[in-house]
Amino acid sequence: MAEVAFIIVAAITLASAFFVVFSPKLMYSGVALFFTLFGVAGLYVFLYADFLAATQIMVYVGGIMVLILFGIMLTNKIASTDLRQTNRGRFMAGLGAFILFLFMAYIALTAQWHTGSPQLLDATVAKLGLLILYQYLLPFEVASILLLAALIGAALLSRKK
Amino acid sequence: MTPTLLFALAILFLPLLSFVFQIFVGNRIGRAAHWFSLAALGITLSLALSFLANIFITPGYALLDVNTVWFSSGSFTVELGIYIDNIAAVMLVVVSLISFLVHIYSTEYMRGDPRYTRYFGYLGLFTFSMNGIVLANSLLMMYVFWELVGPSSYLLIGFWFEKQTAASAGMKAFLTNRVGDIGMFIGILLLFMQLGTFNIQAIAEQVEFGAFDGTGILLTVAGIMVFMGAIGKSAQFPLHIWLPDAMEGPTPVSALIHAATMVAAGVYMTVRIFAFLTPAALEFVAVIGGITALMAAIIAITQVDIKRVLAYSTVSQLGYMVMALGVGAFQAGFFHLTTHAMFKACLFLASGSVIHSMHHALHKIDDHSTDPQDMRNMGGLRKKMPITYISMVVASLSISGIPFFTGFLSKDAILAGTLAYYNLHHGWTIFLPISGFGAAIITAFYMFRLIFMTFHGESARQDIHEHLHETPGAMTTPLIILSVLSLAFVFTIPSTVNPFNSRGWFTTAIQTGENFAGLDMEVVGEALHHAHEPAMMISLTVAALGILAALLFYLFRVVNVEKLTKRINKLGLYNLSFHKFYIDEIYDAILYRPFFWYTRVVAKFDWELYDQKFIDWWGWVTLKLSDWSGYSDYNWLDQKVVDGFGKATRYFGKELRLSQSGVIQNYILGGVIGILSIFILFQAF
Amino acid sequence: MDNLQSYLIISTILFSLGLFGVMTRRNGVAVLMGIELILNAASLNFVAFNRFGGMRELDGQVFGIFIIVLAAAEAAVALAIIINLFKNHETVNIDSADQMKG
Amino acid sequence: MSNFSSIAFYLPELLLVLTILAVIVVDLIPGLKRFNWIIALAGIIFTGILLYGDYGVSESLYMGTIAADPFAHYFKWIFLIAGFFTILVSRHTHSLRDADLPEYNALLLIVVFGLFLMASATNLVTVYLGIETVSLPSYILAGILKNDRKSNEASLKYVIFGAFSSGLMIYGFSWLYGLTGSMSLSGIQQGLAGVQEPLALYMAILLVLAGFGYKISMVPFHFWTPDVYEGSPTPVTGFLSVAPKAAGFAVLMRFFYSVFTTGSMTPVAGVDWLTLIALLSAVTMTFGNLIALQQDNVKRMLAFSSIAHAGYMLMALSILSPDAIRAVMIYLTMYLFMNMGAFFMVIFAENQLDAHTVEDWKGLGRKAPFLGALTVILMMSLTGLPPSAGFVGKLYLFAVVIAGKKFYWLAIVGVLNSVVSLFYYFRIVKAMWLFNPADTKPVKAGGVITLSILLFTIPALLLGIYWTPIINLIDKSIGF
């Protein structure tokens, strides 16, 4: 049962990712990205990363996706969301990405990754909370400064003058 | 601080002080500011002379050898120091003497120039960097001053930068020198990495005790690399191309930089590193010198610009010095450096005097199109400018290697060296004496061609001639001093009075007791001793031949024989003059008649044909040779190699530029393809 | 199917697709989507390694969280820049910004 | 060290954060608005004082996520100097007159903070955060001239290329994590000792290198450099060409010298990244120099030359020894002065004459002889002619390569390249001095610009003559 569910989630993720990249219509790409991000969140669930899955949905789907959709709407008339692709670089880009994919897939399958027994964790939230506020306190605080920078910057660039 | 050290520091920094003074204060004072520079250089000269006197009293010891740690960190210690031995002391005198005389000369030559004080400042800067090279005890310090010489000579060559040619000549000199300097830098680093020191004495010592591992190939490479610097700075083949162009600078600058001091820096440096040049490296040095000496001499024949003749002659003489070092006669080489500095500075300053005078004359008749440096516009100047004329003749005799003049002493020693080298090595090394003697004959020829064309015969332009006059005392005094210094007795008396013996006090003073990696000095000394006499004979013959040829070619062609006979006629020697010394008859008897007879018998050859085919044969050959070498020099080296490098880099730059297409996604594609190709490349191998 | 390799393959595919999208999409917003795919692929990797590599701590998941946070910040800035471009160039086609080259 | 006790060693950064907040808050109060730059400068000065107090400290802070070690300490000075003068000069840059300077100052300070983090990061999380904290505000700084199309274009290219490279980098990070099971650099180094099959490690190194290579503009991740440098406001360009590049080298050295090595100074099993760096170094400097020859825009020329400088520094990193780190640190110090000095001169030329191309610079030496003379020194230094700081820097780099006895060819390539560089640097000198300007009316720069150029030219010359103190300082700063 779990296997079937995994295959379905994985298939949705990859198929929608294909759509994101290949769809000629920008709006469709945006919607497809929505599914991809959801799919990745689903994969996190399979990996017992429930908090991360929730974050993914809240931040990505709730935040970044909305931003992107806003971006699309602000810069296009919805009726003409026609998106042409650059034809010149497409072949070379495809070839490059594909060869890189082959190499990486080969390495991913054959490499001798760090091993150990798979963890069986049910509640990660408490652990993660401790980790972030103890081991990773500094990065956590620094991230706030980074967000501040993004805030200032985005406001600075978007406001009229 | 010992007095000696204090003096040495004064020698180094007084010219710099002069520079600082002229740049910051000079402009406000105006013309009188040159007194400061004169005083500074005067003191420098007298201090240098005091060193020379000390050396003369106690030769063979280092006068000063101080060392202080400049900085030290871990494995990297660099010391800063001054080393004065007999060689350095002589060099200091040469530099400060010529510099001082050029300062005096320039007060007149540069009169009225809008940047008069700045010019003196630049001279000071140059002298400072030059003295730095001489005083340095480590290769690194020498390199630093070596590079400092570059910009200061750049400033002087391009001093009249309004002239586009002057500006680009300065640039060319600077860039060409850099090519050699880079090699020198690598060589210094190679030595440092092997031996862990920049100190020249320490390097020589360690090399002597076999510190260099392996078969010595690395040492050879390092030596040749360091010598590259000399190839650039001393205008050796194939980097000599900048020197003739550098004549765009003011003439006193040419005398200072491009005759006496800067170009000699390369030779001086080679003398310094001589102790650790391997036989293979020395062979390389000798060949470079030989090629340069002969080639430049051949080129000099066809030049009509008075300064260009001298420029090529300088290149040729530098080739002599380098060749001398290569064959192991390094004392002869250094001796020639010293004598050459005197007579070549004299020649340049004399030519400057001529140009100055021509320039003023042209200015007076309001002629701005005629080239004041073209010898074809001169002629008959000797009466108008007797002091210039006499000093130039003295210097020419000296450079031609005539006994009683300094050039004879040093040149003879070099030629003996090449002959000795051939005797020791045989085979292809015959090239070295051939090039030495060949260059000697040509030198004598073109120098007297210059004299005859400029000072003898009829004036080519009477209108100019009327306005010519001898230059003022500030310009002639240096000429007189330098021509006196071109007389042999200065370097021999009191040790020897024999004019054919070069072993005067000077050669004793520049003896060193060092051992050398490259050569067994005893063998070389022995061979030199044997080669001395034949070399002298040949060189005398050769010099005489050269002058004779010049006489035939230029004096008798230019002088109107009819006028001469009329003048002689007044003295009553009518018959003789009537028959024109019977020269025509002699010619007729021994040349024409047999020849016409021969032509009548054989074919329809006539006088013109004979003229073209026979008399001018030598001229034709040399002209062609010189044309060809001039052509190859310019078209091949300059255009193909030097410009070719520029063109190639530019071409590739242009092609590579296309990668910067302006489209960000192509950039990312470039990054991805970069990763892929690196990955494949490194996995495949 | 629930093993490390299958997650790695999924992530690799996402990565390559993202790369392809970044290289070929003309619209700036679409390029941004490609970048999001790459970031998601990396994040997925971290979490998968965390799960199967026998790590004692949950560092991988923490890194995943940071990636999400930074992706949000980056998206905000990038969109602001793209909108600014739109104001000046009247288009979001990023190859229209090729004034500087060579 | 625990989080709480780490604060004692984190005071400079904390003060920097306070300054950032103060600058933002002051901007909101109408009467105090114009003081924001004084606050920013004062903040940097006081940060410097606090930083001085940390001299000689070598501690691992915040549960090992960052380290306050002498190595990072040295780099922090470079960032502070660069940041201070950039803020100072920006106020006197005409092209920035209409920009929002309070935000500009705040963003610049955030970049400095990020640089601090980059130099001291010892954990994958902090490395990533550091790089992003530098990049994100930089994107905005590049595009701060909102109505300037070139500035827009610069920031767009910057953000896309930056996001792409950091994506590659964290993908590489994830593989490092997967191979070793650790996030801290020391843990990764120990974990890598057990890696048998180096293929995955090799790919990971390449991907990580993409992220660092982008920061130091190494070929083939250099493409953004010229466009971004040309389009950004000049003070930003000057800053970007020095500070993030230095931080990139700091991270690169920390990574490659402490992670991808075994304990005994040899590359990690089976991955010959030394040859890789040597190759990339040769390509990088050749590329930068050859294209720089073709440029007419001075800023763009300096951009390509900065690529070439990165190549020179990489040259030393192809030898695995403490000397290499020292040589790079020396060169970065020299580079800070000579390159920023050159950019200040560009600001002067833009301010007073609206000069952008070499053609526009013609006769500048006549119009402003003092600054012109200083520029000659700066160009000499950038070319690496003695006696100048650039020469000393190159001396150390070449010494490392030759002492390494491995890549002699690389030294030759480097030497040929520095000959080529002479041609374009002296094109500027030639334009300045060998042409007569249309009018010889003297041009005066503002006091601050003149002072900044002078203050950066003096070290560019002085450090070429006497550099013992710097060496001594660096020698004490090599420990990771």
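This is a predicted model: local features need pLDDT of at least 70, side-chain atom pairs count only at pLDDT 80 or more; totals for chains, interfaces and linings use all residues.
Local features need pLDDT of at least 70 and side-chain atom pairs count only at pLDDT 80 or more, while totals for chains, interfaces and linings use all residues. Residues are numbered from 1 along each chain as its sequence is written, chains are lettered from A and ligands numbered from 1 in the order in which they are written, and side-chain values use heavy atoms, with hydrogens and water left out.

Chain A and chain C bury about 6,700 Å² between them. Buried area is the accessible area (1.4 Å probe) that two parts lose on being put together, summed over both. Carbon and sulfur atoms give 75% of this area. On the chain A side, 78 residues are in contact (heavy atoms within 4.5 Å) with 69 residues of chain C. Polar contacts number ten residue pairs, both at pLDDT 80 or more. A polar contact is a pair of N or O atoms within 3.5 Å; within protein, one must be able to donate a hydrogen and the other to accept it, and residues adjacent in sequence count only if both atoms are side-chain atoms. Elements giving two or more residues to the chain A side include α1 (2–22), α3 (50–75) and α6 (137–158) of chain A. Helices (H or I, at least four residues) are DSSP runs, numbered from the N terminus. α3(A) gives the most, with 13 residues. By class, this side of chain A has 53 nonpolar, 20 polar and five charged residues. Ala, Val, Leu, Ile, Met, Phe, Trp, Tyr, Cys and Pro count as nonpolar, Asp, Glu, Lys and Arg as charged, and the others, Gly among them, as polar.

Chain B also touches chain C. Eleven residues of chain B contact 14 residues of chain C. The buried area is about 900 Å², with 65% from carbon and sulfur atoms. B:Gly662, B:Gln665 and B:Ile668 lose the most area in chain B, together 48% of what that side buries. The interface of chain B and chain C has zero salt bridges and two residue pairs in polar contact. Helix α27 (residues 664–684) of chain B gives the most to this side, with six residues. The chain B side divides into six nonpolar, four polar and one charged.

Within chain B, the axes of α3 (residues 86–109) and α11 (residues 262–273) come within 11 Å and cross at roughly 170°. Axes are lines fitted to C-alpha atoms, for helices over the stretch in contact, and angles run from 0 to 180 degrees between N-to-C directions. α3(B) and α11(B) are therefore roughly antiparallel (over 145 degrees). B:Ile87, B:Ala88 and B:Met91 in α3(B) meet B:Ala264, B:Tyr268, B:Val271 and B:Arg272 in α11(B).

Note on methods. A salt bridge is a side-chain nitrogen of Lys or Arg within 4 Å of a carboxyl oxygen of Asp or Glu. Angles under 35 degrees count as roughly parallel, over 145 as roughly antiparallel, 65 to 115 as roughly perpendicular and the rest as oblique.
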